[in-house]
Amino acid sequence: MARAGLSAERVTRAAAELADEVGFENVTVSALARRFGVKDASLYSHVKNVQDLRTRVAVLALAELADRAADALAGRAGKDALVAFASAYRAYAKEHPGRYTAARLRLDPETAAASAAGRHSEMMRAILRGYDLAEPDQTDAVRLLGSVFHGYVSLEEAGGFDHSRAARDVDASWHRTLDAVDALLRHWPPT
């Protein structure tokens, strides 16, 4: 019988909070059980195992991030949309580092299809329509945007910019990076 007050949703949300506090890789059923003051077995009526728990956190993070990006994009086009979308990702990663890591978890095809993962790609494609990019260039550009945004955010979160002799602060470099991406998208090389 499930412990009163526990549900799959409450367990998932608590795991997401734990991920932000201690890192996604440290989210375990045991750590979560300690948080609730219950035995591990009490959680197994809500999650199958640690992989199921982490997958649930990933799905939650993808939905939260998609909602935030959609809100940021509302009413914007072109470079404004690009900057809003990218900045929503960066802000989410700073506020929720464990969840952001979770959003990168490789999901099985069925789970991925049922998650908000497709919304992320569709929003990027909507931004790219403002740059008049069609297939196959659009797919290449989606991959470029994901690589640039995730690469910058990951390096920043890992402290990769902390030791550089900075002629410019990290925020200024972020904006210059987005300026460069905008210029590239406006002058996409022909195939």
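Mentor: Helices here are DSSP runs of H or I with at least four residues, strands are runs of E with at least two, and elements are numbered from the N terminus. The model is a predicted one, in which local features need pLDDT of at least 70 and side-chain atom pairs pLDDT 80 or more, while totals for chains, interfaces and linings use all residues. Residues are numbered from 1 along each chain as its sequence is written, and side-chain values use heavy atoms, without hydrogens or water.

The loop contains D132, whose phi is positive, about 60 degrees, although D132 is not a glycine. D132 counts as exposed because its relative accessibility is 70% (buried is under 20%, exposed over 50% and partly exposed in between, with a 1.4 Å probe and protein chains only). The peptide bond joining E135 to P136 is cis, with omega about 0 degrees.

The helix α9 comes next. Its 21 residues should span 30 Å at 1.5 Å a residue, and the C-alpha atoms at its ends are 30 Å apart, so the model agrees with the expectation (the expected span is 1.5 Å times one less than the number of residues). The buried residues of α9 are D137, Q138, T139, A141, V142, L145, F149, Y152, V153 and E156. Cover for these buried residues comes from elements that include α5 (78-95), α6, α8 and α10 (170-186). Just after α9, G159 has a positive phi of about 80 degrees.

The largest pocket also involves this helix. A pocket, on a 1 Å grid over the protein atoms alone, is an open set of points where a 1.4 Å probe fits, with protein on both sides within 12 Å along at least five of seven lines; lining residues have an atom within 4 Å of a point. Its lining consists of 16 residues, with L62, A103, R104, A117 and H120 lying nearest the centre. The elements that give two or more residues to that lining are α6 (97-103), α8 (117-129) and α9 (137-157).

A8 counts as partly exposed because its relative accessibility is 25%. Beyond its neighbours within four places in sequence, A8 is in contact (heavy atoms within 4.5 Å) with H46 and R56. T12 is also found in α1, which covers residues 8-22. T12 counts as buried because its relative accessibility is 9%. With neighbours within four places again left aside, T12 has contacts with R56, V57 and L60.

The whole chain gives the setting. The protein has 10 helices and 0 strands. Its C-alpha trace spans about 60 × 40 × 30 Å along the principal axes. Of its 191 residues, 42% count as buried. Among contacts with a separation of 6 or more, 68% are between residues 24 or more positions apart.
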